[in-house]
Amino acid sequence: MTERISAFHAERCDICGECLHRCPVLELPLAEAKEEFRNLVEGRKSSYVLDKCTTCFSCNLYCPQNANPYQLILERWNDRYKQRGAPPLYKFVCPTEEPNIWQLMNIFFSDREKQWVSEWMNYIPGPEDVVLLVGNYTHLFPFILGGSRLLDYFKPIDRIDQWEGGAYLYQAGYLDLVKEVAERTKKDFDTWGVKTVVPLLDAVYRIFTEVHPREMGVEHSQSFINFHDWLLENIDSGEIRLENKLNLMVTVHDNCYSKSADKPYWDAPREILRRCGCKILEMEHNRKDSLCCGFGAGASWVRNISIPFDIIHEGTKKFREAEATGADALVSYCGGCIYLLWAARELLGSKIGVYHMVEIVRMAMGETINYPSDHVERAWDIISIITYQLIVSLFQKNFYIERLTFDEGMSTFKPRGRYLLLRMIRKVLSFSLTRKAYAAMFRMIMPLISTR
Ligand code: SF4
Ligand code: SF4
């Protein structure tokens with residue numbers, strides 16, 4: 001078995017402090033940035049980074065020595081995980097822990113969504129299939145993809161215990177677990193005999209093509225295609241026809257992983273949006289300086305109870321910038337960010353539209369989507385689940401992730417019990433008045449509970 005390879009190049013770093021000085025979240029004065037980074041290198045107590053970083057990847061692009069400071073932060077979080085475990089709320093995004101968001105979302109899926117998800121989860125691909133990895137977060141919004149002609153080109157596969165290849169475990173610094181996921185996914189792909197894999201997320205593309213081989217010592221033998229490159233190529237060749245130009249003013253949310261590659265991923269989505277008839281208005285922080293959707297604030301957690309408030313606190317900055325552009329809509333090309341952005345939109349009472357890029361393409365193809373109703377209802381499903389999970393987590397302790405895969409019966413994916421409290425919360429949050437009251441209360445207590 002190969003060892004993990006640290007991607008931080010200590011030998012290149014001269015502790016210049018640029019990375020933390022230019023960090024759009026910390027913005028440390030240069031002297032403090034140097035001291036903080038020296039502490040990180042020497043494994044001493046961090047005053048800012050480990051408790052405030054939103055895991056956005058930007059610092060790697062600011063480093064003049066290409067030393068990969070971001071990967072040092074991940075190493076230090078990995079050390080922290082070994083000492084204190086993960087916060088109980090993190091079970092929420094662990095498909096092999098209970099209860100988790102996939103298990104609980106089953107309760108709210110429509111029959112049509114259950115059917116799509118069941119097909120995607122149960123299909124065993126063969127060597128001739130070009131598989132599209134739907135992934136853990138798009139799984140929560142099957143309506144984004146389900147029924148689209150875009151799926152005619154692939155066999156959609158939805159294995160939530162592939163953990164998006166370990167992409168979000170990686171961002172929280174659970175590096176030893178990412179290595180295990182890398183080995184597990186290799187076994188899956190090789191057993192299926194597939195030759196071509198298309199991850200829907202740039203994050204997952206990056207994980208399979210760069211993180212697994214370079215940092216985890218796991219080389220996949222499949223050929224990976226970036227979904228946005230595929231989409232752009234097929235639009236330009238005329239295979240995918242965009243006959244319904246949208247005339248929409250949009251601003252683009254660049255996700256963390258869009259900055260992680262040697263060749264950034266932010267250009268293709270913008271080109272696709274232009275082909276769809278969108279005019280792009282950029283936010284103050286975009287591309288290499290882009291702010292996180294908020295989700296990354298969970299990686300630098302300080303107190304379990306504060307996590308949702310820290311996340312929405314960071315998300316608030318994104319919405320302020322998006323609204324300031326005057327755009328009709330904020331478009332995300334990451335299925336991980338979209339669930340957070342919609343929950344934040346509802347809690348913050350923002351009026352700006354929020355789309356997944358696939359939805360924009362589908363509309364330009366002339367397909368009908370049930371916008372915004374599907375998103376609004378799903379956002380309140382998610383808010384209800386997080387509320388429920390937060391209550392449950394108050395009675396739980398920090399934990400270690402012991403199990404990465406399902407048993408044959410996918411036991412932790414299926415809801416066990418009736419979850420009456422969750423159903424009650426969701427029922428209460430089905431009315432416009434109670435939603436408004438809940439959102440107002442959330443905004444009122446956010447500054448008191450958030451650690452930001
Ligand atoms: S990682 Fe790069 S930017 Fe940060 S202190 Fe070292 S050399 Fe400077
Ligand atoms: S990953 Fe982003 S938030 Fe974290 S230190 Fe680097 S630039 Fe700052």
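Mentor: What follows is a walk from the core to the strands beside it and then to the domains.

This is a predicted model, in which local features need pLDDT of at least 70, side-chain atom pairs count only at pLDDT 80 or more, and totals for chains, interfaces and linings use all residues. Residues are numbered from 1 along each chain as its sequence is written, and chains are lettered from A and ligands numbered from 1 in the order in which they are written.

Start with the largest nonpolar core, which has 134 residues. Such a core is a set of buried Ala, Val, Leu, Ile, Met, Phe, Trp, Tyr and Cys residues joined through C-beta atoms within 7 Å. Buried means that 20 or more other C-beta atoms lie within 10 Å of a residue's own, with C-beta atoms placed from the backbone. Val331 and Ile360 have the most contacts inside this core. Helix H14 (residues 335-348) gives the largest share, 10 residues. Helices (H or I, at least four residues) and strands (E, at least two) are DSSP runs, numbered from the N terminus. Domain 1 (10-85) and domain 2 (90-397 + 417-449) both give residues to the core, so it lies between them. Those bounds come from an automatic or database domain assignment.

Now zoom in on Val331. Setting aside neighbours within four places in sequence, Val331 is in contact with Val250, Val252, His253, Leu273, Tyr355, Met357 and Ile360. Contact means C-beta atoms, placed from the backbone, within 7 Å.

Next, the strands. Strand E7 (residues 329-332) runs parallel to strand E8 (residues 353-356), and four bridges join them. Two strands pair if DSSP finds at least two bridges between them. Leu330 has Val354 in E8 as its bridge partner. From E7 the chain crosses through H14 to E8, a right-handed β-α-β crossover. Right-handed means that, with the strands pointing away from the viewer, the path from the first strand over the helix to the second runs clockwise.

Finally, the two domains. Their centres, taken over C-alpha atoms, are separated by 26 Å. In domain 1, 16 residues are in contact with 22 residues of domain 2. Helix H3 (49-52), helix H4 (58-62) and helix H5 (69-84) each supply at least two residues of the side of domain 1 that touches domain 2. H5 gives the most to that side, with five residues.

Note on methods. Buried ≥ 20, exposed ≤ 12 C-beta atoms within 10 Å, placed from the backbone. Contact = placed C-beta atoms within 7 Å.
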